There are 2 protein chains.
Amino acid sequence: MASPQPRSRNAPGAGAILQLIRTGEAVTRADIMERTGLSRSTVAQRLEQLVSRRLIVAAGSSASTGGRPPASFAFNPDAGVVLAAGMGATHSRLALTDLDGRVVVEESSDVDITQEPDAVLAWIEERFLALVRAGRRAPDDLLAIGVGVPAPVEHATGTPVSPPIMPGWDGYPIAERLRAAFAVPVLVDNDVNTMAWGEHAINWRDTPHMVYIKVGTGIGLGIVADGRVQRGSDGAAGDIGHLAIPAAEGIRCVCGNTGCLEAVASGRAMAQQLREQGLEARHSRDVVDLARSGELIAMNLVRESGRLIGEALVSAVNLLNPRVIVVGGDMAHADQLLLAGIREAVYQRSLPLATRHLRIVRSVLDDSAGVIGAAMLAIEHVLAPDVVDERLAEEEAARAASRAAS
Amino acid sequence: MASPQPRSRNAPGAGAILQLIRTGEAVTRADIMERTGLSRSTVAQRLEQLVSRRLIVAAGSSASTGGRPPASFAFNPDAGVVLAAGMGATHSRLALTDLDGRVVVEESSDVDITQEPDAVLAWIEERFLALVRAGRRAPDDLLAIGVGVPAPVEHATGTPVSPPIMPGWDGYPIAERLRAAFAVPVLVDNDVNTMAWGEHAINWRDTPHMVYIKVGTGIGLGIVADGRVQRGSDGAAGDIGHLAIPAAEGIRCVCGNTGCLEAVASGRAMAQQLREQGLEARHSRDVVDLARSGELIAMNLVRESGRLIGEALVSAVNLLNPRVIVVGGDMAHADQLLLAGIREAVYQRSLPLATRHLRIVRSVLDDSAGVIGAAMLAIEHVLAPDVVDERLAEEEAARAASRAAS
């Protein structure tokens, strides 16, 4: 028997109309009819579904060519919430956000990701429940969960694949576990991908080609091309940190190879170089503090590391021709020192055509890029037309069953 | 007044049904109804439209759960033809193909692309007309044109942008001119992009992440990610030839920079190195001939150039994590010598996760990749659901007007 709402149906349902309203492509009945080819009565019925589910609200009347002013509609970001976790190697940030990705409540903690996944996920579950309570939301308001982890991730299943810094998590079904606990869709992605997606969704939505480079303890790249996060064939795309650069020749990297960018220009490598020169620096943040306080050795090192990062970024510029490079991660707090070095190398070495419109800017979302990006990943999923239609159909079926039972 | 068939309508029209049939996703009435959510009568009406336009043919009955066996349908690649041109720096290949990209008639010629665009395009127009005649097709059968040129191309307008080897073509409206001459849609793209798309469409359709490297006079990369050609923000994506590699340090490149891969590992560079050693080699093909004839200096050079190309390809592997690297261009005729060098460097240097499923293979389409890819670009455009719906509506309107006039 054919299902009444097949997942892959092409007819524009309420979800497609929600999409038109949310993106601002069509917000009046007349525009929606024209864009969907649906009749007035069908559009009215689907708008009614969306209004009753509070996904849209009437937004008054818009100017029209005459006759009765058609009502226009607006997306309602308070129709639900999502939970998001941006997990780093040693630090995590969790948030409850509305459907625009605006934070309702958030918290950050030091968490060692090299622990057993069971312990970390039990902790995440507990904190997620606390966030829902703190946000004064009914459990029913929760629509989805997004998680970023510092590992290659098989996106379809939400499972880390051969994660170098969290080896105990190889193949661990993160998405499956959280879905069982919260009964909502769970999206899992690599941390740098979530950061790239967060910056893109909030600040660069109209720029289809961007890359985000995270310079922290390690170095990673998140690629947005044609408006989509590029994960590659095994979820391993964006690994810029282990490209070979001449300045790193012979220097051993944590990956087991030699000559990698990360071995000389990461926060970890910079801290080590400063320690070798008698300065106190354990982490990226210490390097930033020294550079910002005017310590010349640290300032020169950050600038030079920027140049080396820029050399590696030339690959990304020549291969991907992005319109913007967003620089994030702890080391981005060194700000213009790092960016000046990056710009110098990129503009010197890349092709003129690929750089004539290129901008190199600092991350606006900063430490929140990962958690916001994880939230946006969850939101984009849960507001996709097919998923909206399916949820509305399920709710309708549940109501019908409860009417029949009463 | 609302147009009767707005371009962006979401309702599944005949074009969406054609797509389902062409991809094999749904080929029976029942499956099409389920997938589109359309009624039996609407599906019947749209199938009839497609049959009368010969875009599909009844393909007999398929096994069913019982009752009347539903007719199944198949895409008809003979419903029209496209013209395609694969333009190289000195050589071009033109073809008339069916809607599966199968060649009906083709020809290849030596053409100097550095000539004035007017002269080259007048020649292309003349040869295109000759191909239509040779293929015994009515002018009405022509549905679209695809063109690949050795230049960065602004894809939306079909215009070369700052093309280094064909400077007279900067901003020349190739697509506009051919559209005026043939009154069909014209798609223009960079030559390596068309080669990548040809290989992908014909041999790697189920592999969403692939890169195609052309090693000829120059070196370029065509990127397919998420099943789409990636052109970047200015049509300049895929420029691997001007990445810096240590072995080229200080060596001047045709781009005006020094240290580029192309300055040491292209067919041009290899021929020059052989000449310096007293061997006769003007073009890539001469290098290939020498290497294949067992000339040790040439064999070593090709193998070593393969290693250098592999070093640069590590960037593409680490950043894009493709499932397959397809090696094409004249130098690919040196076959295993070149591939062995490439494999050696890629597998030695890339991340294990990114190479564990990676294949490095020679182009199957070989010299035809560009022209076939240009044809496939045109075909994908002209069979896109919106475009099909628009064309059917126009034809319907033209018939109605002619009835009214008679």
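Partly exposed, as used in these legends, means a relative accessible area between the buried limit of under 20% and the exposed limit of over 50%. By that rule A:Arg285, at 34% relative accessibility, counts as partly exposed. The model shown in every view is predicted.

**View 1. A salt bridge joins A:Arg285 to A:Asp330.** The closest N and O atoms of A:Arg285 and A:Asp330 are 3.2 Å apart. A:Arg285 lies in helix 9 of chain A, and A:Asp330 lies in the loop between strand 13 (324-328) and helix 11, so the pair ties together parts that are 45 residues apart in sequence. A:Asp330 has a relative accessibility of 24%, so this residue also counts as partly exposed.

**View 2. Chain A meets chain B.** The contact involves 55 residues of chain A and 55 residues of chain B. Between them the chains bury about 4600 Å². Carbon and sulfur atoms account for 51% of that area. Four salt bridges run between chain A and chain B. There are also 25 residue pairs in polar contact between the two chains. On the side of chain A that touches chain B, at least two residues each come from helix 2 (29-36), strand 11 (219-225), strand 12 (228-229), helix 10 (296-320) and helix 11 (336-349). Helix 10 of chain A gives the most to this side, with six residues. By class, the side of chain A that touches chain B holds 24 nonpolar, 20 polar and 11 charged residues.

**View 3. A rotation superposes chain A on chain B.** The rotation is 180°, with 0.1 Å of shift along its axis. The RMSD of the superposition is 0.1 Å. The two copies are thus related as by a two-fold rotation axis. Both copies use the same surface: 100% of the contact residues of chain A recur in chain B.

**View 4. Salt bridges cross from chain A to chain B.** Side chains of opposite charge can pair when their charged atoms come close. One such pair here is B:Arg323 with A:Asp234, a salt bridge of 3.3 Å, N to O. Another is A:Asp226 with B:Arg228, whose closest N and O atoms are 3.4 Å apart. A:Asp226 is partly exposed, with a relative accessible area of 29%. B:Arg228 counts as partly exposed too, at 33% relative accessibility.

**View 5. A:Glu106 and A:Arg93 pair within chain A.** Their side chains meet in a salt bridge of 3.5 Å, N to O. A:Glu106 belongs to strand 5 (residues 103-110) of chain A, and A:Arg93 to strand 4 (residues 91-97). The two residues are 13 residues apart. A:Glu106 has 40% relative accessibility and counts as partly exposed. Over all chains, a search of the whole structure finds 48 salt bridges. Elsewhere in chain A, salt bridges link A:Arg303, A:Glu304, A:Arg307 and A:Glu344 in a network.

**View 6. Helix 8 of chain A has buried residues.** Helix 8 covers residues 267-276. Its buried residues are A:Gly267, A:Ala269, A:Met270, A:Ala271 and A:Leu274. They pack against helix 7 (262-265), helix 9 (284-292) and helix 10 of chain A. Just after helix 8, A:Gly278 takes a positive phi of about 85°.

**View 7. A:Gly310 sits in helix 10 of chain A.** A:Gly310 is buried, with a relative accessible area of 0%. Not counting residues up to four places away in sequence, A:Gly310 touches A:Ile342, A:Ala345 and A:Val346. The C-alpha atoms of A:Gly310 and A:Pro164 are separated by 25 Å. Along the chain, those two residues are 146 residues apart.

**View 8. B:Arg343 sits in helix 11 of chain B.** The helix spans residues 336-349. B:Arg343 counts as partly exposed, at 27% relative accessibility. Leaving aside neighbours within four places in sequence, B:Arg343 is in contact with B:Gln336, B:Gln348 and B:Ile360. A polar contact of 3.4 Å joins the side chains of B:Arg343 and B:Gln336. The C-alpha atoms of B:Arg343 and B:Ile309 are separated by 9.6 Å, and the two residues are 34 residues apart along the chain.

Terms used
Residues numbered from 1 in each chain as written. Chains lettered and ligands numbered in written order. Predicted model: local features only at pLDDT ≥ 70, side-chain atom pairs only at ≥ 80, totals over all residues. Heavy atoms only, no water. Contact = heavy atoms within 4.5 Å. Buried area = accessible area lost by both parts, 1.4 Å probe. Polar contact = N/O pair within 3.5 Å; in protein donor to acceptor, adjacent residues only side chain to side chain. Helix = DSSP H or I, 4+ residues; strand = E, 2+ residues; numbered from the N terminus. Nonpolar A, V, L, I, M, F, W, Y, C, P; charged D, E, K, R; others polar. Least-squares fit on C-alpha atoms with pLDDT ≥ 70 in both. Buried < 20%, exposed > 50% of the residue type's maximum accessible area, 1.4 Å probe, protein only.
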